[in-house]
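Hello,

I am handing over the structure below.

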Amino acid sequence: MTGISDDRAIDAPPSTLYLIKQLELAVRALMDDALRPLGLTTLQYTALTVLERRSGLSSAQLARRSFLRPQTMNVMVQTLEERGLIRRDRDPGNRRVLVATLTEQGRETLREAAPRVGEIEARLLSGMSDRRSTEFRSVLAHGVSALADEAARRRIPESPGE
């Protein structure tokens, strides 16, 4: 072996997908740390923000929108309900389904979390001009859309558990 291909591999920049995964891991670690004093994990925070935007979701719907497996969401929903952050009621359209909504305590917890999460986002975008920050968000949104379209074309489920 000449070592040439090894040297090239070392000098090659990381793939875009690798950088995205590194970003995800960094964001997750920082968010878990910032939310810990509130008794929240990043995944719980995500579920609460989903319910803030769209109330009255079943556990399965909430799992899809929160990027979790339905089994994981069922446990999380029970925990959030026990803590008084969400409430579950029978769906008027299907009495066998329970739908979740935020409680006032859940809304207050999100209000407390907002500046903590905002600081992380601000740090991520620090050093970027407003224009570059807007472009960065646009590029990320484009990537999400392009891959979601590809997944739909291939009939790949959106969430890991479907």
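**A buried threonine in the sheet**

Threonine 101 has a relative accessibility of 13%, so it counts as buried. (Buried means under 20% relative accessible area, exposed over 50%, partly exposed in between, with a 1.4 Å probe and protein chains only.) This is a predicted model: local features need pLDDT of at least 70, side-chain atom pairs count only at pLDDT 80 or more, and totals for chains, interfaces and linings use all residues. Residues are numbered from 1 along each chain as its sequence is written, and side-chain values use heavy atoms, with hydrogens and water left out.

Threonine 101 sits in strand E3. Helices (H or I, at least four residues) and strands (E, at least two) are DSSP runs, numbered from the N terminus. What does threonine 101 contact, leaving aside neighbours within four places in sequence? The list is Ser55, Gly56, Leu85, Ile86, Arg87 and Asp89. Contact means heavy atoms within 4.5 Å.

**The sheet**

Three strands make an open sheet, ordered E1-E3-E2, with antiparallel pairing. E1 and E2 are at the edges with a single partner strand each, so one side of each has no neighbour in the sheet. Two strands pair if DSSP finds at least two bridges between them.

- E1 (residues 57–58) and E3 (residues 94–102) run antiparallel and are joined by two bridges. Serine 58 is opposite valine 99 in E3.
- E2 (residues 86–91) and E3 also run antiparallel, with six bridges between them. Arginine 88 faces alanine 100 in E3. Aspartate 91 has asparagine 94 of E3 as its bridge partner.
- A hairpin of two residues links E2 to E3.

Helix H3 (residues 42–53) lies across E1, E2 and E3. H3 runs at about 105° to E3. Axes are lines fitted to C-alpha atoms, for helices over the stretch in contact, and angles run from 0 to 180 degrees between N-to-C directions.

**Helix pairs**

Which way do H2 and H6 run relative to each other? The axes of H2 (residues 16–35) and H6 (residues 104–125) come within 10 Å and cross at roughly 150°. H2 and H6 are therefore roughly antiparallel. Angles under 35 degrees count as roughly parallel, over 145 as roughly antiparallel, 65 to 115 as roughly perpendicular and the rest as oblique. H2 passes H6 in a right-handed crossing. A crossing is left-handed if the near helix is turned anticlockwise from the far one by less than a right angle, and right-handed if clockwise.

On the H2 side, Leu23, Leu30, Met31, Ala34 and Leu35 make the contact. On the H6 side, Ala113, Arg116, Val117, Ile120 and Leu124 do. By class, the residues of this H2 and H6 contact are nine nonpolar, no polar and one charged. Ala, Val, Leu, Ile, Met, Phe, Trp, Tyr, Cys and Pro count as nonpolar, Asp, Glu, Lys and Arg as charged, and the others, Gly among them, as polar.

H4 (residues 59–66) and H5 (residues 70–82) have axes that come within 9 Å and cross at roughly 110°. That makes H4 roughly perpendicular to H5. The H4 and H5 crossing is right-handed. H4 brings Ser59, Leu62, Ala63 and Ser66 to the contact. H5 brings Pro70, Met73, Asn74 and Val77. The contact of H4 with H5 has five nonpolar, three polar and no charged residues.

**Single residues to look at**

Serine 133 is in helix H7 (residues 130–153). Is serine 133 buried or exposed? At 13% relative accessibility, serine 133 is buried. Serine 133 touches Leu125 and Met128, not counting residues up to four places away in sequence.

Two residues for your backbone check:

- Phenylalanine 67 has a positive phi of about 65°, although it is not a glycine. Phenylalanine 67 lies in the loop between H4 and H5. With a relative accessible area of 62%, phenylalanine 67 is exposed.
- Arginine 155, also not a glycine, has a positive phi near 60°. Arginine 155 is in the segment after H7. Its relative accessibility is 74%, so arginine 155 counts as exposed.

Best wishes
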